[in-house]
Amino acid sequence: MSAASWAVEKRPTLVKVGRWVGWIGIIAVGLYLPQAFPPFRVGQFNTIMAYGLAALGLALLTGFNGQISIGHGAFFGIGAYTTVIIVGDHPEFPWLATTAVGALLAFAVGIVVGLPALRIRGLYLGVVTLALALLFRQALEKYSDLTGGSQGRGVPRGQKFSAPDWTGLANDQWRYYVIFVIVVGCLVLSRNIVKSRMGRAAVAIRDNETAAEVLGVNVARTKVLMFGVSAMLAGIGGSLLVIGSPIPRVSANSFTIVLSITFLVALVVGGATSILGPIIGAAFVVLLPEVVPHEQQVLTPVILGAVLIALMLVAPDGVVGLSRRSASWAWRMLARAADTGPDTGLETGDSSKEQLQLDSRES
Amino acid sequence: MELFLQRLIDGLAVGAIYASLALGLVIIYRSSGLINFAQGEMAMFTTYLAWMLVDNGLSVWLATSAAMVFGFVLGVLVERLLIAQFSGPKESPLAIVIVTIGLFLFFNGLAPWIWGTEGKSFPNLFGTGSVDLGGVTIKVQTLGIVGVLLAEVVLFYLMFQHTKLGLSLRAVASNRESSRLVGLRVGSILAVGWGIAAMVGALSGTFVASRIDLTQNLMQVVLIYAFAAATLGGFDSPVGAVVGGIIIGVVEQMAQYVDLFDGFTLLPVFLLILVVLLVRPQGLFGRAEVSRV
């Protein structure tokens, strides 16, 4: 028996092992990063993880449930403002408890905004969420006593999320590790949701809503709940953005419609039907301004928009989809080398089944 | 009472602008079942082009007409080059939504790159005169905008009901496959639909720019009002878009007198969208239009 045919035969096991090794590798690298980079970079990693959570929320919503939101910037903002306002007014309140409050608030607003899904299908959710994104901005200006409006609002001087003495870590490292643990927790939670009864129901609704309903899926409840969970993840992300920043400060100017669309770009770059893809996409959108020349920064949104359109044309399943496709191509080559012929029913790994693209629905 | 009438008339004026943009949304929705989220940003972009022409000494009327031509070309190009690529039977409307959102960001970023972030002022098509009617002042501009909207509606009616182009647009909206089978060039017809939509969008863009500063964010809030107008009237009903636009305009003007809504004009509109979608998702005129086709 050749190595190739052994590999083909053992493919399911190998894929599983590979996946575990991959996850452990990612976590190891993630734990090592703040030791290797200066505080400025570590702050950027925090931003990536915060944005990544918002994009992860979109993945659950769009990639796994076929709904759309052009307003996740608002949920992100709810989380961020909750933390700044509570910590600013009540310094004794633990920072991470504000994350929980922000998450709940975002969840509740998400449920309300997702309600039209009870009655209608299709594109209207885009309309409602786009309106929400702009409404949120107006609300920030209107209640500027509370939010600071365009001037912005910070927390009292000297107050930040800092490392306890026993850790021996620098503040930036401590913030990173706390956020890292929460983000990994959210990734695991999302993975479990996707694999759960609710996640399968969500995917069934995405692929064929009528069929799902006929099969006994409670379509309305699943869609609204998915929207709530998605909004909650964005809310956690927003709160973590504040916690992870050396100078916690929010301003109405950062919560424009462009932010919401940026999350969508992150989603599509990473891959809408994956759990890790959104984090990769978030890294792309956060780091992109670094490669754009300083005097041309105004071009960044133009590039983001162009990337979004181009990806939808050539690779709607994003980076993760590309790697899945190349992996399954590699397996086919291996199978051919093993002379078992291609596509011998060994495609039992998740790769083929999960290669679900945004365009896999009937119009 | 006079104040009320004054507000009502102001509401009519802004409502006519929203109705104009909403008409564009409805044309696209009817012909292809899609919502163009970049409709407002495309209008903003063509308005900048019109501003450039005015800045170079062209008359406002000519510049606005040119902007409408630009708009038409832009709409056709967007449909042909991008949207048509997603027209396969297995494609989801979701993919096209994301593409139009990409366009939104693209144009929103391109405008300040070309023209800078400083607000421009766009001259008024109808001058600054006003008519006094028993204590109620009506700006000539208001009359002009409402007049243009009425002309638009009549032209659309004539086009849809009495021209071959209108007939083919309705045919494609009704059944794309059958239209193809009887020899209609579906692709070109859809492109023309997008072109017309962007053309009326361009017109509403210049109207908005004559009221507020022309910046990259010119049309964002207006687009939401137009969405609200189309949702209220029914996304597939041109009549609904007009009636919805007027209602939204009046609601917006009146709402400013409620403390809660002062400076928070999107809240009543947002609530209205939510309620319409929950109670009567097809809108006021939606159903009648569906049965007509």
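Buried residues (under 20% relative accessible area, with exposed over 50% and partly exposed in between; 1.4 Å probe, protein chains only) make up 57% of the 293 residues in chain B. The model is predicted, so local features need pLDDT of at least 70 and side-chain atom pairs pLDDT 80 or more, while totals for chains, interfaces and linings use all residues. Residues are numbered from 1 along each chain as its sequence is written, chains are lettered from A and ligands numbered from 1 in the order in which they are written, and side-chain values use heavy atoms, without hydrogens and water.

**Chain B: fold and dimensions**

- Chain B has 12 helices and 2 strands, taken as DSSP runs numbered from the N terminus (helices H or I, at least four residues; strands E, at least two).
- Its radius of gyration, taken over C-alpha atoms, is 19 Å, close to the 19 Å that the globule rule (2.2 Å times the number of residues to the power 0.38) gives for 293 residues, so chain B is as compact as a globular protein of that length.
- The C-alpha trace of chain B spans about 60 × 45 × 35 Å along its principal axes.
- Of the contacts in chain B (heavy atoms within 4.5 Å) between residues at least 6 apart in sequence, 76% join residues at least 24 apart.

**Chain B: hairpin**

- Strands E1 (residues 130-133) and E2 (residues 136-139) of chain B run antiparallel and are joined by 4 bridges; strands pair if DSSP finds at least two bridges between them.
- B:Asp132 has B:Thr137 in E2(B) as its bridge partner.
- The two strands form a hairpin with 2 residues between them, and B:Gly134 in the turn has a positive phi of about 50 degrees.

**Chain A: helix H2**

- A:Arg11, A:Gly30 and A:Pro34 are the buried residues of H2(A).

**Aromatic pairs**

- Over all chains there are 25 aromatic pairs, counted for rings of Phe, Tyr and Trp (its six-membered ring) with centres within 6.5 Å; planes under 30 degrees apart are stacked, over 60 edge-to-face and the rest tilted.
- The rings of A:Phe37 and A:Phe45 are edge-to-face because their planes lie at 85 degrees, with centres 5.3 Å apart.
- A:Phe37 is partly exposed at 36% relative accessible area, whereas A:Phe45 is buried at 14%.
- A:Tyr51 and A:Phe76 also form an edge-to-face pair, 5.6 Å centre to centre with 85 degrees between the planes.
- This pair links helix H3 (residues 39-63) of chain A, which holds A:Tyr51, to helix H4 (residues 72-89) of chain A, which holds A:Phe76, 25 residues apart.
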